[in-house]
Amino acid sequence: MTAVAPRVTPPLDDGNREFWTSGAAGELRLPRCATCDRWIFPPSLHCPGCGGVAAYAPLSGRGRVFTYTVNYHRFHPEVPVPYVIAIVELAEQDGLRFTTDIVHCPVDDVTIGLPVRVVFEQQGDVFVPLFEPAPDGQT
Amino acid sequence: MRGALISGIGISRIGRKTGMEALELTAESSRAAMADAGVTPSDVDGIATIGDTPLAVAAKTLGISPTWTGGSMGYYGLLTPVVDACTAVARGAARHVLVYRTVNMIGGEATMDRSAGGPMEIPPAMRDISRILTMHAYSASNWLAMHLRRHMHLYGTTREQIGWLAINSRRNAALNPDAVYRQPITMEDYLSARMISEPFGLLDCDVPVDGAIAVVVSGAEHADACAHPVRVDAVGGSDGAGGWDQRPDYPKMASTDAAREMWNSTDLRPADVDLAELYDGFTFLTMAWLEALGFCADGESGPFLEGASRIALDGALPLNTYGGQLSAGRMHGYWVLHEACLQLRGEAGPRQVPGRPEVAVVSNGGGPIAGCMLLTR
């Protein structure tokens with residue numbers, strides 16, 4: 001197994017910790033508003049929509065590529081190129097999306113709309129949510 | 001914003017890896033701007049920058065004793081110190097404010113922007129950047145390539161269309177002795193340039209340089225004493241809501257907010273604009289500004305650029321007439337301002353836009369950072 005390139009990980013706080021660590025349990029989790037049912041990203045325990053209180057809940061980990069780029073320039077000496085950076089929109093809610101990487105496939109196979117599923121890459125206490133093509137092509 | 005004018009402009013020597021000290025560049029551009037404005041250091045009572053050569057060092061070197069100081073990244077992006085200076089002179093807090101921007105080959109590294117005098121403060125609109133860096137997305141080229149990819153998907157925008165922007169800028173740079181890249185480029189050069197972050201190739205990215213640009217912002221009451229006043233008609237900025245990847249109207253960016261704010265505060269309309277100097281840290285940013293400012297409809301910037309006839313010096317909307325950051329050099333949002341003033345004054349020499357231009361628009365920024373300015377003579 002090749003060494004995993006280091007990543008800078010974001011500072012954790014009560015609002016975002018579970019998002020960045022729930023991969024330890026093999027689940028992607030985000031806060032969901034108890035009042036209006038809205039999933040919340042960036043993670044926060046206060047709903048920006050209705051002001052309600054939110055609690056973490058598991059997601060399916062499925063989604064689609066919303067947009068992407070193939071990075072060819074070696075901006076970081078320890079990260080091999082090329083690789084795919086993408087914004088993935090999660091299946092649960094329109095507009096529920098974040099920047100991530102698409103892994104485990106040739107870079108030229110990635111397209112907008114590609115169905116993907118979450119995989120996690122451990123970096124210390126953090127489990128970084130990345131995505132790979134969904135083997136069944138389903139979201 | 002009425003009440004402020006740009007009374008003088010100055011530019012230092014510009015070059016790549018010149019070895020010139022930042023302070024030397026700052027002083028060179030600042031002295032030129034004050035001479036151009038017809039003021040002496042003792043007339044200047046305000047000084048502002050975005051955070052390169054420290055204000056106190058510049059003031060001491062130039063012999064300025066400021067009673068007003070300003071600047072930092074803010075609501076108007078890189079143009080924030082200029083807008084702050086306009087506000088200061090309009091309300092009487094200062095009479096003449098020197099604003100400078102100095103760069104030493106900034107950009108292109110896996111770190112945040114570092115300017116000549118130390119790190120710039122991360123603006124609130126960039127707070128999402130740590131989780132984006134986690135994804136090995138170290139460069140603005142990565143973040144903005146995703147906007148362009150989405151634009152291509154929604155509207156059918158092609159790399160060939162975008163290439164015309166790079167070609168047009170290089171044509172203009174050929175007429176600008178201060179530009180660093182002046183050799184013509186072809187569409188084949190554009191398309192075959194090495195990929196940086198697809199769909200951005202090397203010629204979609206601007207060119208780091210050393211240099212400084214300064215302007216003197218004066219109260220409108222000084223117009224009669226000024227040989228070539230350029231009036232600030234309206235400005236626009238953005239709070240950057242939505243950051244890099246959360247805007248509901250993605251791939252739109254903060255430029256949309258800034259443009260709306262600017263047009264809301266003037267009677268002038270896009271059809272009144274004679275030339276546009278739009279930020280081009282990457283090609284797509286200029287396209288986003290063209291759409292945001294209403295020079296074309298959403299998604300139509302690709303066809304707008306095609307063939308480069310509209311955006312040429314003699315076209316309907318001459319664009320980035322000095323060569324842009326793509327070819328002239330990354331003066332980080334200040335060469336656009338310098339050039340707009342020069343064009344409105346009719347002093348742009350071989351690259352002067354014909355027909356006595358009266359209204360110019362200037363913009364800077366990308367992603368959650370945006371500022372724009374409408375200038376008139």
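In strand 10 of chain B, Val230(B) is the bridge partner of Ile6(B). This comes from a predicted model. Strand 1 (residues 4-11) and strand 10 (residues 230-237) of chain B are paired in the antiparallel sense, over two bridges.

## The sheet

In chain B, nine strands make up an open sheet with mixed pairing, in the order 3-2-4-9-1-10-13-12-11. Strand 3 (68-70) and strand 11 (275-277) of chain B stand at the edges; each has a single partner strand, so one side of each lacks a neighbour in the sheet. On average, neighbouring strands of this sheet are turned by 25° against each other, direction ignored.

## Helix 12

Helix 12 of chain B packs on this sheet, where it touches strand 1, strand 9 (210-219), strand 10, strand 11, strand 12 (359-364) and strand 13 (371-376) of chain B. The direction of helix 12 makes about 175° with that of strand 12 of chain B.

Helix 12 (residues 335-344) of chain B is mostly covered, with ten of its ten residues buried. Among them are Trp335(B), His338(B), Glu339(B) and Gln343(B). After helix 12 of chain B comes Gly346(B), which has a positive phi, near 75°.

## His96(B)

His96(B) lies in strand 4 (residues 96-104) of chain B. Is His96(B) buried or exposed? His96(B) counts as buried because it has 25 C-beta neighbours inside 10 Å, and the cut-off for buried is 20 or more.

Leaving aside residues up to four places away in sequence, His96(B) touches several residues, including Ala37(B), Val39(B), Asp43(B), Val216(B) and Ser218(B). Asp178(B) is 82 residues from His96(B) along the chain, and their C-alpha atoms are separated by 27 Å.

Terms used
Residues are numbered from 1 along each chain as its sequence is written. Chains are lettered from A and ligands numbered from 1 in the order in which they are written. This is a predicted model: local features need pLDDT of at least 70, side-chain atom pairs count only at pLDDT 80 or more; totals for chains, interfaces and linings use all residues. Helices (H or I, at least four residues) and strands (E, at least two) are DSSP runs, numbered from the N terminus. A residue is buried if 20 or more other C-beta atoms lie within 10 Å of its own, exposed if 12 or fewer, and partly exposed in between; C-beta atoms are placed from the backbone. Two residues are in contact if their C-beta atoms, placed from the backbone, lie within 7 Å. Two strands pair if DSSP finds at least two bridges between them. Axes are lines fitted to C-alpha atoms, for helices over the stretch in contact, and angles run from 0 to 180 degrees between N-to-C directions.
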